[in-house]
Amino acid sequence: MASPYAGGVQSPSPAAAAQQQQQNHSLAFRVMRLSRPSLQPDPAALLRFDPRDVFLPEDALTGPDPSAAADFLHSILHPPDPTATVPGEFTFRDRFLLRDPADALALPGLLVLPQSFGAIYLGETFCSYISINNSSSFEARDVVIKAEIQTERQRILLLDTSKSPVESIRSGGRYDFIVEHDVKELGAHTLVCTALYNDGDGERKYLPQFFKFSVSNPLSVRTKVRTIKDITYLEACIENHTKSNLYMDQVDFEPAQQWKATRLEADEHPSAVKSEIGDLCKQPILIRAGGGIYNYLYQLRSSSDEAGQPKLELSSILGKFQITWRTNLGEPGRLQTQNIHSTPTASKDVDLRAVKVPPIIYAERPFMVNLCLTNQTDKTVGPFEVFLAPCMTGEERVVLVNGLQKLILPLVEAFESIKFDLSMVATQLGVQKISGITMYAVQEKKYYEPLPDIEIFVDAE
């Protein structure tokens, strides 16, 4: 329903204001914002109570004879003889009683129309009911009406009747229309309504009127990015800045071309029943008014990690969020965030990683560690030497190379990988670490960073 616009009319310049005051315009614009009503709680209903909570003890209705307690309560509230004096009786005794359990909600079932222009938020649809009235005693003819939104960056035309002017607006009559605009900018907005018409004397007159309003941000999205080995984790915290609850219909992260994203969610309670209907009728996520927050967690992997995919140079752009929501009575809103960036990391021309480690390892018995060397450049690299570097602290390593201490690897073509096995042996029991596996480029005479430590459990035979 409509709510009257609270602001006044402002002229674009003092000269135009003086000219407008000199003219006696027959027409005038009235602007009303179309917005949904709200539920208004009844303050008196907050004082109501259930008589069982006052006149009966806690265990009266759960005792051996609950019907006796109910009969006693009924005799107090409804005496058989209205003239009889009943202990505890008072005047208007039913005034504060809950006649129905739903009365405790304090909602009388009535909807209240907005009494002010209200707040307008980014992502909403601004809908306005505009009426141009003829308050003079003459008829206005050939009325050309225009309505547009002006922001700091652009002007958006909402209505233009230049090609089909309103033939006439009689004395005391009006012409009504509705305009809509998807709000996509923050800050000051101006709704400009203009009319070009012929008055009773046949004079062509121009009427401009300006209605200003401001657009605020309904929510904020704070992000944190963490990278662990080849996996990037993105945490997004959405905070509600409005005065009403927001029900999130959709919070989707659209990754950039070189990324694949998976949302990580907490495990559901075992009592939760999964069904097709439950998936279709999924409850929206509630973010409460005035600072409520909700966190989302996503796992990002490079799309080139799949077999057969060429290695791509990862960009710092991770992607962006598409967010849609509704308010208490279903008014929709939609926002798209800017691109989210990660901390740039230095790209490696070759990558060495462990693919497979035996699940059972016995002390002093050789085992194989399967490794993979990937060329991430567009040229051939190699050959390489793989060996176990000495410990920097001078301590003896618990897990050693079994056999030849250096493994020679051949040339690796562009964007290709080779897998190989490294024979190793553990000398002590318990939880141990395979550390110090290092690679050396023979032609470039370059040492690469050691492979990250791998934890293993060494058992006795």
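Q: Which residues is N375 in contact with, leaving aside its neighbours within four places in sequence?
A: In this predicted model, where residues are numbered from 1 along each chain as its sequence is written, local features need pLDDT of at least 70, side-chain atom pairs count only at pLDDT 80 or more, and totals for chains, interfaces and linings use all residues. Side-chain values use heavy atoms, with hydrogens and water left out. N375 is in contact (heavy atoms within 4.5 Å) with D349, V350, T380, V381, V412, E413, A414, F415 and E416. One of these, A414, is 39 residues away in sequence, with 5.9 Å between the C-alpha atoms.

Q: Why is N375 called buried?
A: The relative accessible area of N375 is 0%; buried means under 20% (1.4 Å probe, protein chains only), so N375 is buried.

Q: What makes the pair N375 and T377 a polar contact?
A: The side chains of N375 and T377 meet at 2.7 Å, and a polar contact is a pair of N or O atoms within 3.5 Å, one able to donate a hydrogen and the other to accept it. The side chain of N375 also reaches the backbone oxygen of E413, at 2.9 Å.

Q: Where in the strands is N375 found?
A: N375 is in strand β24, residues 367-375. β24 belongs to an open sheet of 4 strands with antiparallel pairing, in the order β22-β24-β28-β26. β22 (350-356) and β26 (399-401) are the edge strands, each pairing on one side only.

Q: How do you know that β26 and β28 pair?
A: Between β26 and β28 (residues 417-426) there are 3 bridges, and two strands pair if DSSP finds at least two, so β26 and β28 pair, antiparallel. L400 has V425 of β28 as its bridge partner.

Conventions. Helix = DSSP H or I, 4+ residues; strand = E, 2+ residues; numbered from the N terminus. Buried < 20%, exposed > 50% of the residue type's maximum accessible area, 1.4 Å probe, protein only.
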